[in-house]
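Have the sequence and the model open as you read.

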Amino acid sequence: MKKIIIITLSILVTFFVFATVKNIIDNSSKNYLKQNIVNKEDIDFSSFENSSSSDYYHYIKKYDMKYPANEEILIEGKNFTDATSDIEILSKFEGENDVILTSDEGDIIWSFNVEKDGYYNIGINYYPYEGNGSNIERTLLINDEIPFNGAENLVLHRLWGSETEIKQDLYGNDIRPSQVEKPNWIKSYFKDSVGYVNGKYAFYFKQGENTITLRSLSQPMVIKNLIIESIEELKTYEDLKKSYEEKKYELINENVKLFEAENLKNTTSPTLYPLNDTGASTSPTDPKYIKLNIIGGDNWRISGDRITWNLSVEKSGLYNVSLRVRQNLATGMVVTRNIYINNEIPFKELENYTFKFNSSWRIQTLGTDKEAFKFYFEAGKEYEFSMETSLGSYGPKIAQIENVISNLSKIYREILVFTGPEPDPNRDYQLTTRVPNLISRLNAELEELHKIRDKIIEISGSKSEKTGILDTIILQIEDFLKKPSQIHKKLTTFNNNVSSLGTLIILLSDQPLELDYIAVHGSDGKLPKNSVNIFKQMFFSIRAFFASFTTDYSSVGKTTKDANETINVWLTVGKDQANILRKLIDEKFTPMHDIQVDLKLVSSASLLPATSSGKGPDVAMGVGTNVPVNYALRNASYDLTKFSDFKDIIKRFNRSAYESFEFGDGTYALPEQEIFMMMFYRTDIFDELGLNVPNTWQDVIKMIPDLQKYNLEFFLPVPRTQGAVVNLPPNPIFSTMFYQNGGSFYINNNTESGFNEGLGPEVFETWTQFYTDYSFPVEANFANRFRSGQMPLGITYYNTYNTLSVFAPEIRGKWGFLPVPGTEYIDENGEKQIRRDTVSTNTGAMILNNSSKKDASWEFLKWWTSTDTQVRFGREMEGILGAAARYPTANVEAFESLPWKRNELEVLKEQWSWVRGIPEVPGSYMTGRHLDNAFRMVINETANPREVIYDYVQIINEEINKKRKEFNLN
């Protein structure tokens with residue numbers, strides 16, 4: 001026992017000594033330059049030769065490399081020569097005269113004269129006019145031609161900021177302010193929207209008359225002017241120092257002024273809002289209360305995102321600028337920022353300024369590892385200090401990785417033509433002779449991967465899990481080259497490794513950085529300690545621990561205590577969604593209606609037992625399609641048609657969104673979300689193979705041989721039936737085809753299944769033939785196979801868009817979506833028409849019948865499903881979680897206000913107009929289940945489709961009849 005005590009005490013003493021010494025070293029060290037890396041950034045455009053940006057590389061070498069000096073051509077927006085949409089000239093707008101308002105569609109053209117031919121930068125002074133909150137996107141044409149691929153999609157940012165100052169809730173916790181648009185005049189330059197090409201784009205203009213065309217892709221904006229100006233190299237810090245000496249600026253020694261990073265001026269993204277850090281050294285901090293005391297982190301990782309602060313000093317002179325930062329999220333990497341003062345990068349060393357990985361907070365003075373940079377600030381003048389995420393040296397490498405993925409995916413698809421997705425391991429497919437130049441192509445990609453790997457190690461300073469991804473694919477390609485006859489045996493692994501390169505793009509593209517404060521100080525100014533000593537840290541942690549017992553976390557965020565009445569609302573979504581809703585309730589609903597909401601995040605399984613025991617909520621949110629009517633049958637959900645204004649409220653939605661909430665003459669929930677089917681396709685593969693996207697189901701059948709010739713697949717979803725499925729919805733593809741052929745799910749006043757009526761058996765047979773005759777996969781990960789190109793076409797719910805936008809950056813711009821294939825019919829005029837009916841899945845919010853506060857609950861439902869609330873909730877969701885969390889609201893007007901591109905929105909609205917709901921009736925849970933049973937009997941046991949569907953319809957009808965008797969329905 002003595003030994004154990006002695007060992008334990010020794011370990012504790014060692015720990016305390018180590019921690020104390022480390023703390024003393026950390027706080028006594030005044031070398032805030034040691035984390036700086038000398039910026040040797042010198043982008044060689046030849047590195048783009050084998051990249052997805054290679055067309056830009058070729059473009060800047062296409063003409064004589066002329067860069068005229070000291071040239072500037074100012075083109076006033078109002079002096080446009082032609083336009084294909086209405087352009088409004090505004091005589092006065094936000095302090096400027098005679099500017100033009102352009103819409104989210106159409107072209108606008110300017111003509112102008114260039115005295116000296118050569119390459120120039122193009123700038124634009126614009127105002128982000130009110131739209132749906134997404135970035136402004138334009139295509140640029142010079143002399144009626146798009147100069148290179150990157151000019152097809154140029155992004156101009158909006159400006160965002162906190163709606164209010166940081167306020168506290170009833171308990172002293174900081175409440176995150178809503179991020180709202182704060183538009184202003186902005187001068188920007190056209191550059192690579194994804195950051196693979198560093199700096200501004202160079203555009204070539206011939207001598208004489210030229211034209212510039214801006215083609216609207218998304219969002220309106222006001223244009224003051226365009227500026228075509230000479231390309232100038234940024235001056236170096238040494239050049240700037242000489243100018244300081246010439247002007248004899250005073251060197252400030254003592255002054256120190258802190259600017260809290262959370263108190264920003266504006267950002268280019270609503271995701272950039274103040275965050276909480278619980279460290280004892282963070283400024284400000286508190287062991288008991290939540291303090292929003294930092295900015296950035298994982299939210300500040302996307303290339304082009306910029307945060308701006310206002311800085312000022314009391315005495316003119318030369319200052320240092322230090323940052324308390326932490327870069328602990330991008331492991332084994334450096335992250336880079338472009339640093340601006342008054343919208344200009346002061347000198348070259350602040351372009352792609354580097355921050356190394358370190359798990360701890362640190363104070364880092366801007367400079368080299370040997371010298372701090374000096375900045376001249378004039379007393380009383382307000383300066384804009386901005387930091388913009390950039391990819392730096394990673395940009396060209398990411399572009400090259402994209403190109404390698406494209407080439408390896410093409411090789412994979414060419415191999416599939418001969419092997420299929422499941423090759424016979426005992427067969428020799430003679431791939432080296434059948435796939436053109438297979439060995440030389442693999443060698444070329446291997447060489448490229450080695451170069452990329454070596455450069456990433458050089459940039460990052462070490463190996464990491466990122467280079468491990470490259471090592472894996474390199475080893476496999478080397479193995480392929482050693483044993484080419486064995487390639488087909490490891491084809492699945494090869495496809496997975498190529499997909500891992502796509503993940504590598506995401507990892508390298510993410511450039512997160514956290515910022516606590518900005519310090520403007522003299523060279524001898526005493527900065528705050530980076531960290532508190534071990535004893536203060538322990539005391540802080542102990543206080544935080546005990547505070548956790550007294551804090552009511554469910555009440556965090558409440559700003560009002562008194563209200564006429566309180567309703568209980570249960571929801572089953574994630575914590576982020578609950579926090580947003582809590583804030584919206586306190587900011588808008590409670591002050592407006594004088595009704596307090598007790599919001600609880602619960603499991604979906606808890607609603608039924610709670611309601612059965614009489615302890616349920618007043619309102620249940622996020623309930624599934626089948627819940628409201630099933631509760632209504634048991635007298636547990638309230639009929640909303642009893643409210644006098646119901647008919648006005650229900651107009652917010654398409655009928656498809658609430659059809660499953662109707663029974664008899666009643667409606668038992670209001671829709672929240674609705675997600676419907678769309679057809680996704682790979683534009684690059686269709687172009688490569690010369691295929692047309694199918695317009696009807698007959699086109700799909702005709703196209704199958706063309707796809708199968710290349711061993712490619714078409715995806716049609718089949719819901720998984722693993723385990724006990726209580727409520728399996730009817731298959732969405734069968735439902736789509738059934739509705740397109742005039743089917744009704746239930747007939748005879750909803751007392752029988754309609755699958756045996758009309759063309760129902762024929763539709764069922766056609767649907768099963770996709771799997772029996774054409775060998776469609778019953779189960780597949782569509783996102784993965786779509787990404788690899790193995791499945792270049794598929795029908796699925798439209799929120800797959802969110803997944804692909806974030807999950808598959810390497811196919812950005814290489815895919816799209818369209819309405820589902822339709823069914824031809826002859827209308828009453830003898831004309832051929834196409835029906836595109838499809839189905840959706842949705843959620844709703846209902847009032848429980850045992851609630852004693854139905855009127856207050858109805859006020860909440862009306863507020864929650866209103867356009868303003870749904871838009872704000874959707875934007876806040878996307879602001880926190882990014883494009884992957886785009887909210888699929890059922891409110892039609894709100895849906896149109898979310899940040900969809902104009903062409904995307906038009907396609908979605910076209911399909912939405914055809915969407916139909918599936919009614920809920922007593923016993924309808926058997927419909928989807930037995931439809932699936934019939935389907936599997938046909939594909940697994942080769943049963944006759946028409947006989948099988950007939951047999952299962954009888955079982956469905958028996959269950960419906962039994963349930964109708966149970967609930968005393970005629």
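Ile341 has Phe385 as its bridge partner in β27. That contact belongs to the pairing of β23 with β27 (residues 383-390), antiparallel and spanning six bridges. Two strands count as paired if DSSP finds at least two bridges between them. Strands are DSSP runs of E, at least two residues long, numbered from the N terminus.

This is a predicted model: local features need pLDDT of at least 70, side-chain atom pairs count only at pLDDT 80 or more, and totals for chains, interfaces and linings use all residues. Residues are numbered from 1 along each chain as its sequence is written, and side-chain values use heavy atoms, without hydrogens and water.

β23 also pairs with β24 (residues 353-355), antiparallel, through three bridges. Here Val335 has Phe355 as its bridge partner.

How many residues of β23 are buried? Seven of its seven (residues 335-341) are, where buried means under 20% relative accessible area with a 1.4 Å probe, protein chains only. In a regular strand, side chains alternate between the two faces of the sheet. In β23, Val335, Arg337, Ile339 and Ile341 point one way. Thr336, Asn338 and Tyr340 point the other way, and all are buried.

A five-stranded open sheet runs in the order β2-β5-β15-β7-β8, with antiparallel pairing. β2 (82-83) and β8 (154-156) are the edges; each has a single partner strand, so one side of each lacks a neighbour in the sheet. Within this sheet, Asn113 has Glu209 in β15 as its bridge partner.

| Strand pair | Bridges | Sense |
|---|---|---|
| β5 (residues 107-114) and β15 (residues 208-218) | eight bridges | antiparallel |
| β23 and β27 (residues 383-390) | six bridges | antiparallel |
| β23 and β24 (residues 353-355) | three bridges | antiparallel |

Conventions
Helices (H or I, at least four residues) and strands (E, at least two) are DSSP runs, numbered from the N terminus. Buried means under 20% relative accessible area, exposed over 50%, partly exposed in between (1.4 Å probe, protein chains only).
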